[in-house]
Amino acid sequence: MSPVPDIRKQFPFITQQSDKIYFDNAATTQKPYAVLESIQNYYTRINANIHRGVHHWSILATEHYEAARKTVAQFIHAQDPSEIIFTSGTTHSINLLADCLSNTYFQQNDEIILSVLDHHSNILPWQNRANKFGYQLKYAHINAQYQIDTEHLKSLITRKTKLIAIAHVSNTLGSINDVKSIIDYAHQHNIPVLLDAAQSIAHFPINVQELNADFLAFSGHKMYAPTGIGVLYASKKFHHWLQPLSSGGGTIVDVDLYKAEFAEIPLRLEAGTPHIEGVIGLKHAIDFIYQNGGINQFYLWEEELRKHLYSNLTELQDDIDIYTDAHTPSVPVISFNIKNNHPYDTGTLLNNFGIAVRTGHHCTQPLMKHLKIPGTVRISLAVYNTLEEIDRFIIALKKTIKMLK
Ligand SMILES: Cc1ncc(COP(=O)(O)O)c(C=O)c1O
């Protein structure tokens, strides 16, 4: 059964503007009352700095912050809360990991494997360090189903491969990559794997232990939580590699004028006063998911939405090119273009109908170059979207096609 009627009521952005349609959820999701209220509650009743006070509010704030770490650990089935490092988002998580590994693990001429469908946030951090320290980057192709070509990726592995860093789900195409098989193969060669889970975290369950993922990065704002909060999951077995380049208050056990003894992970990596209300908001976003049936329920509803959208779009195939395969496991993210038209024109006209979609390269320029297109129109759905919104969108799209002919 659709969880939507109850869920929609929980999002003020949706209920206060129900004549509009928000289909840009891969960029950021709307926030439920539970998250908004948790932030207000924090500032009105708790506000204090964490980890260093003995007074009531500091202890309370620390308890809320550390409870959130446990909730996140349970949500992705991490073995231990210490494997959850709070960051400002996926981009920060990947840069943090790139710095740590450059500090302790990589050597000149080491090879890092990425894919052509990766988001710039999982290309530029590695490209920057590769240019600075002399690592080699290699890119896996995509297959005809718009997923990372697993066999091609495997063929890139050599004795110099030190890391595979890939998107779990493509933010532009919606396709779910076969990361389990990539991780299993990588581990046979003692290569750790980072999954960029920015686009998977809000759509289906992730179990890092079952996947055997070594590192995983995601952002709160794409899963109903506030902006400015994210997570780097790092399996305990690699904590010794995580020696940060940046440090400061909260990261130490003891400091002398010329040397310091650093704390264990995660505190060693969370320098300075963190985004406390963001962490608390993230916890409440996860609680919101649990309280509304859990991520599996979200997945089932979003599958229904995705199929409805896809079948309606395929009926327009004389006029549009769709960059998604019907049978590829996907999240509800679909890219298309009206034939012979620039995506910006389509996006602008849809905006005039009150429909928010994303247009452009979606921070995946290498993928756009690979597909030989300037960009796409991207529809990305969330649990509060409805079949009726899709129908209204299809009517608006048909009018847009007529206008652009
Ligand atoms: C696959 C993927 N990776 C990384 C990012 C970067 O996330 P953030 O801007 O929250 O750091 C995004 C954002 O769209 C994304 O879709």
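## Ligand contacts

An oxygen atom of the ligand lies 2.6 Å from an N or O atom in the side chain of Lys222. A polar contact here is a pair of N or O atoms within 3.5 Å; within protein, one must be able to donate a hydrogen and the other to accept it, and residues adjacent in sequence count only if both atoms are side-chain atoms. Ser219 places a polar side-chain atom 2.6 Å from an oxygen atom of the ligand. Asp196 has a polar side-chain atom 2.6 Å from a nitrogen atom of the ligand. Taken alone, the ligand exposes 390 Å², and the protein buries 85% of that (Shrake-Rupley method, 1.4 Å probe; for residues, only the protein chains shown count as cover).

This is a predicted model: local features need pLDDT of at least 70, side-chain atom pairs count only at pLDDT 80 or more, and totals for chains, interfaces and linings use all residues. Residues are numbered from 1 along each chain as its sequence is written, and side-chain values use heavy atoms, with hydrogens and water left out.

## The ligand shell

Residues around the ligand include Gly89, Thr90, Thr91, His119, Ser121 and Asn171. Asp196, Ala198, Gln199, Ser219, His221 and Lys222 are also among them.

By class, the shell has 1 nonpolar, 9 polar and 2 charged residues. Ala, Val, Leu, Ile, Met, Phe, Trp, Tyr, Cys and Pro count as nonpolar; Asp, Glu, Lys and Arg as charged; the others, Gly among them, as polar.

## The largest pocket

The ligand sits in the largest pocket (more than half of its atoms lie within 2 Å of the grid points). A pocket is an open set on a 1 Å grid over the protein atoms alone, with protein on both sides within 12 Å along at least five of seven lines; lining residues have an atom within 4 Å of a point.

The largest pocket holds about 360 Å³ of space (points joined across faces, edges and corners; volume filled by probe spheres set on them). Of its 24 lining residues, Ala26, His119, Asn171, Gln199 and Lys222 are the closest to its centre. Helix H5 (90-104) and strand S14 (358-360) each give two or more residues to the lining. H5 gives the most, with 3 residues. Helices (H or I, at least four residues) and strands (E, at least two) are DSSP runs, numbered from the N terminus. The lining has 6 nonpolar, 14 polar and 4 charged residues.

## The cavity

The structure holds 1 cavity of 30 Å³ or more. In a cavity, a 1.4 Å probe fits but cannot get out. The largest cavity has a volume of about 40 Å³. Its lining includes Ala26, Gln199 and Lys222.

Conventions. Near = heavy atom within 4 Å.
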